[in-house]
Amino acid sequence: MSIQISRSVNGRYTRLLLIYGSGRHRVLDRRELVRVPGLSPAAWEWARGDRLPAIAGAASSAIAEDSATVSAKVTPHGRSVTYYVQYGPTTSYRSRTGGQRTGAHRAADISAHLTALIPGTTYHYRIYASNAAGIAYGWDHSFTTSITEQQIDADHAVATYEAMQRYFYAAAVYPGNASSLYAENYPQSGNRYSFLWPFSRALAGTVTLAGVPPALVGGASYQADVTDRLTGLSRYWDGTASPGGYDSYPPAPYGGGGDKYYDDQAWVGLAAAQDYAMTGDPTSLADAKNVFNFVYPDGWAGSSFDPGGVYWVQQGAGVGLTNHDRTTTSNAPNAEIALLLENFDPANAAAYDAGASALYGWVNHYLYNVNTNPTDPVAPNPNYTPSQPALVFDKVTGSNAIDQTLYTYNQGTMIAANVREYQKTGNTAYLSDAEAIATTALSTFNEAYYITHSAAFNAIFFRCLLILYSVTSDTSLQSSIIETIQTYADDAWNNHRASNGLFSFTPSSGPGYQLLDQGAMLQIYAMLAWNPSDYAKLP
């Protein structure tokens, strides 16, 4: 209880304001010093003066992501009352609703609807009420706005992007640098700039972030950032080669160039295709077409389907002098690019169709571990191994041996290629293959596997699962896809993210924190923040 005194007359205070609690309510009782009539000598007593409004029963309800309703009961005590709600993230409040009035004689149930709130935020509030006797304040109360998983993922995507830009973007690492490139690790060591493979993850992550609904990122647009990534991509382009292609490291004036890997071409080509699907940017379409023109037919091994396949690395120089592997990742994602380009660039559809048929058909026949398959016209598979799951093997080595290692991204790239074949032809056998690979992969791999393997591989796998999500009618499979990706994303955020906002995983691909991991996690969170109706735009 507290007492406020006021109005001194001849050295004597004549007014009291008593403030005390009654249950969960705060009572404000005003008293005045008055003479008791009929007594001699004179006597004085504390009589009730005008009373302040009484406020009781404050509560919050209808709490949503960005709004809530606050209610209370106000008793006017014979004087009309003006009231409003003060609210804010602290007990300083700082915001208020518009003033309303009540009558003078009856208690009134009041309410106010608070809007434009921030999801997942705790708000304090109290009732202000005044009448001719003065001002009364209700007790402080609080509520927390709700937040959807999609909003949480959007918040995580933005935080991951900001950390990536702070610690890896060349202009932040090297003040005044205008290359639009990235460092490969933090703390920075080794080469000045990253290789194309990690850059491709930053590119894909930024493109995907630009597709998050603006309302989930505070109305921000990341399209200018995408344009800057495409500028950075151009730093890897070697136009002196025929056909031109992207080097694994920036050529002069930014570096000494490097080998040209056909899977690297695919990753940047798919990111460019995604941006074209989202924006119609002709620069992105040109980048995707450049990739296909470099990969096929120049990267094809031999002159026929057997042995066939696109090499992992361009032959005849550097690593290509000794490495003659043909991998799932140098074929399946490039088949997906060809299938997308059939829609984007119909004038050259015949060339894209020929490339897609060769690239998809080769992986489907040699590396998809099923014996017979309606989508493989040259079955049976000569490399079928009954003891292994019905998944996609890694590669045919330079000595024509089969590397049966199972990686997540190999499964993903063939899932996506099958979906694109299904979309092109309407043949449900392709959709069945995509669903079968996804179902087997999800039962073969688990969170303990994902979290200890490449985040970049997982990001590619998850992207392809979401492409399948957009076309399958199997609701159980759809649920499993989302649950798998969300579980991984939450695990990474809670257990593998440092206080500086950067991710690291064991085993690591290099010292310190890696751009490869940051770009991969950015893409994962941004994909989860997309509306499911937009998953079809993921290439």
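In which helix is alanine 448 found? I located alanine 448 in helix α11, residues 447–450; helices here are DSSP runs of H or I with at least four residues, strands are runs of E with at least two, and both are numbered from the N terminus.

Before going on, I noted that this is a predicted model, where local features need pLDDT of at least 70, side-chain atom pairs count only at pLDDT 80 or more, and totals for chains, interfaces and linings use all residues. Residues are numbered from 1 along each chain as its sequence is written, and side-chain values use heavy atoms, with hydrogens and water left out.

I looked up the exposure of alanine 448 and found a relative accessible area of 53%, so the residue is exposed (exposed is over 50%, buried under 20%, partly exposed in between; 1.4 Å probe, protein chains only).

Next I turned to threonine 328, which sits in the loop between β17 (326–327) and α7 (332–344). Threonine 328 is buried, at 0% relative accessible area. Leaving out residues up to four places away in sequence, I listed its contacts as Pro333, Val363, Leu367, Val392, Phe393, Asp394, Asn410 and Thr413 (contact means heavy atoms within 4.5 Å).

Last, the sheet. I traced three strands in the order β17-β18-β19, forming an open sheet with antiparallel pairing (two strands pair if DSSP finds at least two bridges between them). β17 and β19 (402–403) are the edge strands, each pairing on one side only. Two bridges join β17 to β18 (residues 395–396), and I found valine 396 in β18 as the bridge partner of arginine 326.
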